[in-house]
Amino acid sequence: MNILGPDSLVFGVDDVAACIQFFTDYGLTPVGVSESGGRFEAVDGTSIVIARRDDPSLPPPMETGSMLRKTIYGVADRETVEAIADELGRDREVKRLPDGSIEASDDFGFVLGFQVSARRKIEVAGETVNSPGSKPGRGPNTVGASADAEFQPLTLSHVVYFVPDQAKASRFYTDRLGFRCTDRFTGAGSFLRPAGTQEHHTLFLIETPAFMKGVEHFTFHLSGPTAVLQCGYRFAAKGYQTFWGPGRHKFGSNWFWYFNSPVGCHVEYDADMDLHDDSWVAREAPMQVDESQIFLFQHREKWAPGGPPPPGQAH
């Protein structure tokens, strides 16, 4: 199955105005947005869609009340859409929608859409580094950082589900949709990537009690760690509450900074994720703090040398 990754996540929300402000401040571009909701796009066209919780066009909510209503995957071509329809149609309802996409649910009730991908090809320079012993990433007189630098979310990276049985949930995606497990937390979580990408994961499944079933977080890729830190710092300065980070994950190696959001889950900035091909052998580790991050910073207000120490630190 030549699935590329998530094209869009669709939410039914309580406070449309707060969501509009949040995703605009996050850096996504509003498209067709009104008081009833709309689309918020990254540079490549992947997106978040919001609508009022009672919007009749949305799939029904899960019994847990999660605001996520649908995960729409982009695939390489029409043949892949039809192959998925045939595969899933063997044991569950597959709806054909007017836009040519299909819709079905996984084994735990998460509604999935599949469409020929809406992603646009983009060319954006990644972050460069000057390192002793290596060819310079930037030439003479080219500065590496600017307080005025502008960054935008480039592409929808991954989504994370809470599920009551992650092993069963993983089997659905690997056996039915051709995903591969890249790494796992023993008995607790699986990182999965579809066949159409080498990204470490586009889906992460975490085992939790059934009443928690829903989305834990999602993220968009930025161009590098500096972008994560500057975007996160600016976002926090606007009053949005940090949940976790900034730091760097162990599995996937991606830099991260998570924030609380009005869509009932955490929203992350990330950058610099590992790539894997089919020769990669999944690693396994216990799900504990030391395996979740290689290092973790703590966000503070700006401080200048010679001034009083940052809060909580002695001279």
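1. How many bridges pair strand S11 with S12, and is the sense parallel or antiparallel? Strand S11 (residues 189–193) and S12 pair in the antiparallel sense, over 4 bridges. Leu 192 stands opposite Leu 203 in S12. Strands here are DSSP runs (E, at least two residues), helices are DSSP runs too (H or I, at least four), and both are numbered from the N terminus. Two strands pair if DSSP finds at least two bridges between them.

2. A word on the basis of this note. The model is predicted: local features need pLDDT of at least 70, side-chain atom pairs count only at pLDDT 80 or more, and totals for chains, interfaces and linings use all residues. Residues are numbered from 1 along each chain as its sequence is written, and side-chain values use heavy atoms, with hydrogens and water left out.

3. Now the whole sheet. It is open and has 10 strands. The order is S17-S10-S11-S12-S9-S13-S16-S15-S14-S18, and the pairing is mixed. Strand S17 (283–285) and strand S18 (295–296) stand at the edges. Each has a single partner strand, so one side of each is left without a neighbour in the sheet.

4. Val 159 stands opposite Phe 218 in S13. Val 160 has Phe 204 as its bridge partner in S12. Phe 162 is partnered by Ile 206, also in S12.

5. Are the residues of S9 buried or exposed? Buried: 9 of the 9, so S9 is largely enclosed by the rest of the structure. In S12, 4 of the 5 residues are buried, so this strand is largely enclosed too. Buried means under 20% relative accessible area, exposed means over 50%, and partly exposed lies in between (1.4 Å probe, protein chains only).

6. Strand S14 (residues 242–248) and strand S15 (residues 255–260) run antiparallel, joined by 4 bridges. Thr 242 stands opposite Phe 259 in S15. Helix H1 (residues 16–26) packs on the sheet. H1 touches S13, S15 and strand S16 (266–271), and its direction makes about 10° with that of S16. Helix H4 (residues 225–237) lies across S14, S15 and S16, running at about 20° to S15. Contact means heavy atoms within 4.5 Å. Axes are lines fitted to C-alpha atoms, for helices over the stretch in contact, and angles run from 0 to 180 degrees between N-to-C directions.

7. Two helices also meet each other. The axes of helix H2 (residues 78–88) and helix H3 (residues 166–177) come within 10 Å and cross at roughly 120°. That makes H2 oblique to H3. Angles under 35 degrees count as roughly parallel, over 145 as roughly antiparallel, 65 to 115 as roughly perpendicular, and the rest as oblique. Ile 84, Glu 87 and Leu 88 in H2 meet Phe 172, Arg 176 and Leu 177 in H3. The residues of this contact divide into 4 nonpolar, no polar and 2 charged. Ala, Val, Leu, Ile, Met, Phe, Trp, Tyr, Cys and Pro count as nonpolar; Asp, Glu, Lys and Arg as charged; the others, Gly among them, as polar.

8. How many disulfides are there? The count comes to 0, where a disulfide is a pair of cysteine sulfur atoms within 2.5 Å. The closest cysteine sulfur to that of Cys 19 is in Cys 265, at 9.7 Å, too far for a bond. Cys 265 is in no disulfide either. Cys 19 counts as buried, at 0% relative accessibility. Cys 265 counts as buried at 5%.

9. Some backbone details deserve a check. Most residues other than glycine have a negative phi, and most peptide bonds are trans. A cis peptide bond joins Gly 245 and Pro 246, with omega about 5°. Pro 246 lies in strand S14. Ser 253, in the loop between S14 and S15, has a positive phi near 65°. Ser 253 is buried, with a relative accessible area of 17%. Asp 272, in the loop between S16 and S17, has a positive phi near 65°. Asp 272 is partly exposed, with a relative accessible area of 43%.
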